[in-house]
Amino acid sequence: MSEFLNQFKQLTATGYLFWVLAILALLSAVWVVTARNPIHSVLALIATFFCLSGHYILLNAQFLAAVNIIVYAGAIMVLFLFTIMFLNLRREDEESKTNLTKMAAVVVGGLLMVMLITIFRAKSAQVPTFNPVSFDSRTGLVENLGSILYSDYILPFELASVLFLVAMVGAVMLGKREAGDRHF
Amino acid sequence: MFPIVLLSVFGILLLFLGFLKSRAILLPAALLFLLVSLAVNFIDWNKTYLYFNGMLLSDNLSMVFTAIVLGSAFMVVALSGSFMEDESAQPAEYYGILLFSLVGALMMIGFENLIMLFVGVEILSVAMYVLTGSDKRNLRSNEAALKYFLMGAFTTGIMLFGMALLYGATGSFTLGGIRAYAVNPQVGLSLLFYVGLLMLLIGLLFKVSAAPFHFWTPDVYDGAPTLFTAFMSTVVKTAGFAALFRLLSISFSGVYTFWWTILAIITTLTLVAGNITAVYQNSFKRMMAYSSISHAGYLLIGLAALGQQTKQAIVFYSLAYSVATIAAFGVLLLVARQRNAETITSGGSSSESFDAFNGLARQNPLLGFAMAVSMLSLAGIPLTAGFWGKFYMFSTAVERGQIWLLVVAVLMSAVGIYYYFRVIIAMYFREGATAPIRVAPFYRYVLVVATLLTIGLGIAPGLLEGLF
Amino acid sequence: MNTSYLPSDYLPVLIQLLLALGFIVTTMIVTHSVGPKRKSQKKDDPFECGIPVQGDARTPISIKYFLIAILFVLFDVEVIFLYPWAVNFKGLGLTGFIEMILFMGLLLAGFYYVIRKGVLKWE
């Protein structure tokens, strides 16, 4: 315990920031799952995304942090809210969540967590720590990302537009109201 | 490479053609586009190219897989004439999405970089989720699409996590880079590498519906419109196995001893689960879903016993399986439509059950024969392509000395004969009041070609050998 | 010029963020505690005057809103790709320009499709 405290005292400002963000992210993630009101779940999910963006910044990946907030916390959460508004929230639907399913979910989730923690703590899973000589703190910045994306990874980038097209056409095909359909 | 570019453009063209008043042009246009893509595929024949900074590989093997995928798509589209009659169908969108999904399939066939694999899998999967739910007023279609989407999205997440771990361990996304790490590790292989490999495998095995990741298959195949079920069970499976083969044979052949036991266990599970459950089905379509699971099992034998013959075995098996499956679904489409029309007037059993085929061969000898040949081929009876497919697969297991895998596979093929013959018995030996079914000429050609191909490859399996 | 780009460089941003949040929180607390409070049935109604409220706000909404939201997300993601491109615009030169035109062209084709389908039309 005292060893842990000593380690804690030696942390830099970044280290403290990491711990605060990590704990916040975990707490809000747990809130997403346990909240009874789905709107609260969405709000907690937004909080989780903001904490993750903080982690991205700590890892020097600013662009990812910005994108995470613009796309996930901004756009995708709007979709989530829309979906929740489609559902009928007045009826209390609890039949699908029996104690057995809850317990099974906890057991499976717990097993996965234990497994992942063991794996990442294992000696043979250590990735080499950073090398101060060759370390380039600008690797994750927009400029480097762009120059790689638009030279080496140009083909997947162009073909991602096909993915967008499929999604677009699919959404229109499934979602468009036909003549004679109900409004909602 | 050329088919990918062309198919992307053709897909958009088809969408725009949908704005025309007349729908009649759509089907010929889609068929023409597929034929053109199939033709340009062979431009690079006998040459090996790496396109776009080593993103995409074009060699004879990938071209053969591309040809199988495009050919299956061509046959499926050729069977789609009924869209034109259905008021609520949106054929332009269906064909457009099918062509886009082929882009994804071709990326999975020729990828040289894990990013390409991921984008390809996503394009193919998203297209399939949409097509599964394309029968908007059918509740079962909606349910199938939702199930497929939720589970598929979850597995995509697992797959992506696996890729990230592989990158963390090896520092490379390219197949060659991962191979170099696996063959010649500096300080021993990282645990992250193994976990990443497993997660990547889980993602791909889900897509080809191998047990124990197969639970979505029966509901999705059953709920989706029959034509798209045919597409899913041929194109998606072929592309998935091409991707698995590339990954395992190039990147991970150095750690064969690690993954072959896992893959062998999954193979056994898939064979047993697919074949045994198929016996208990009353619906033909559901039986075909389990049959597709069992065929994934046979294809996995070649991977679990990875060797010199695997390449040939997988190509031949996917071709034989695709052709027979498309013919079977083609006949089912006609029979189910006829039965639906009858049910409206008289009321009877479900249009997709085994009973629907009672007495089919008397009035419709062509349909009966096409169905019988494809069932024989799927069961692996000699003189059909399916027999040689199974023969090549089993000989890979022999080559590696995995006799117990062979024993399981042979036993399960025997089980398979039971449920495939149920259809043949129903068609030839049961009484049933089936009026002659009107078959459009083009539809007839597709069935005839599929049947001839199955028999031809069964008599002369060496036809393909010189190709790659 | 600062070349190290360390997370600690974000301290000004963090301070700005805290200030903004602090201002909002303080204003909310102060307005709640300082202002007078009158409670009655009429005062607590969502609409103090006008027609009486019927039902509640939880009615299903039209699918059209959702469709527009989905299209918004798709184009939003597309725009994201423009940032790294714009930063590298000079370095990438003409090739980069053509690449982006191709990407945008495919998506504009999709946009044209969406418009022709009448998805954005609001009867």
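## Ground rules

Residues are numbered from 1 along each chain as its sequence is written, while chains are lettered from A and ligands numbered from 1 in the order in which they are written. Since the model is predicted, local features need pLDDT of at least 70 and side-chain atom pairs count only at pLDDT 80 or more, but totals for chains, interfaces and linings use all residues.

## Chain A on its own

Chain A has seven helices and zero strands, and its pattern along the sequence reads α-α-α-α-α-α-α. Helices here are DSSP runs (H or I, at least four residues), as are strands (E, at least two), and both are numbered from the N terminus.

Of the 184 residues in chain A, 17% are buried. Buried means that 20 or more other C-beta atoms lie within 10 Å of the residue's own; exposed means 12 or fewer, partly exposed is in between, and the C-beta atoms are placed from the backbone. Now take contacts in chain A between residues at least 6 apart in sequence: 50% of them join residues at least 24 apart. Two residues are in contact if their C-beta atoms, placed from the backbone, lie within 7 Å.

## Where the chains touch

Chain A meets chain C through 45 residues of chain A and 42 residues of chain C. On the chain C side, α3 (63-80), α4 (82-87) and α5 (89-116) each supply at least two residues, and α3(C) gives the largest share, 14 residues. That side divides into 30 nonpolar, seven polar and five charged residues. For these classes, Ala, Val, Leu, Ile, Met, Phe, Trp, Tyr, Cys and Pro count as nonpolar, Asp, Glu, Lys and Arg as charged, and the others, Gly among them, as polar.

Chain A also touches chain B, with 22 residues from chain A and 31 residues from chain B. On the chain B side, α1 (2-17), α4 (91-110), α5 (114-132) and α8 (191-207) each supply at least two residues.

## One helix, two partners

Two packed helices are described by the angle between their axes and the distance between the axes. Helix α11 (residues 256-279) of chain B packs against helix α17 (residues 403-429) of chain B at about 15 degrees, with axes 9 Å apart. Axes are lines fitted to C-alpha atoms, for helices over the stretch in contact, and angles run from 0 to 180 degrees between N-to-C directions. α11(B) and α17(B) are therefore roughly parallel; that label is for angles under 35 degrees, with over 145 being roughly antiparallel, 65 to 115 roughly perpendicular and the rest oblique. The residues of this contact divide into 13 nonpolar, four polar and no charged.

What about α11(B) and helix α12 (residues 284-304) of chain B? They pack at an angle of about 155 degrees, with their axes 8 Å apart, so α11(B) is roughly antiparallel to α12(B). Their contact has 15 nonpolar, eight polar and no charged residues.

## The nonpolar core

Which residues touch the most other members of the largest nonpolar core? They are V166(A), V69(B) and M108(B), in a core of 205 residues. Such a core is a set of buried Ala, Val, Leu, Ile, Met, Phe, Trp, Tyr and Cys residues joined through C-beta atoms within 7 Å. Helix α13 (residues 310-345) of chain B gives the largest share, 19 residues. Leaving out residues up to four places away in sequence, V69(B) touches L102(B), A105(B), L106(B), I109(B), V235(B), T238(B) and A239(B).

Most residues other than glycine have a negative phi, and most peptide bonds are trans. Here are some exceptions. N60(A), in the loop between α3 (38-58) and α4 (62-86) of chain A, has a positive phi of about 65 degrees. N60(A) is partly exposed, with 18 other C-beta atoms within 10 Å.

N46(B) has a positive phi near 70 degrees and sits in the loop between α2 (26-41) and β1 (49-51) of chain B. N46(B) counts as exposed, with 9 C-beta neighbours inside 10 Å. Finally, the peptide bond from A211(B) to P212(B) is cis, with omega near 0 degrees, and P212(B) is in the loop between α8 and α9 (216-223) of chain B.
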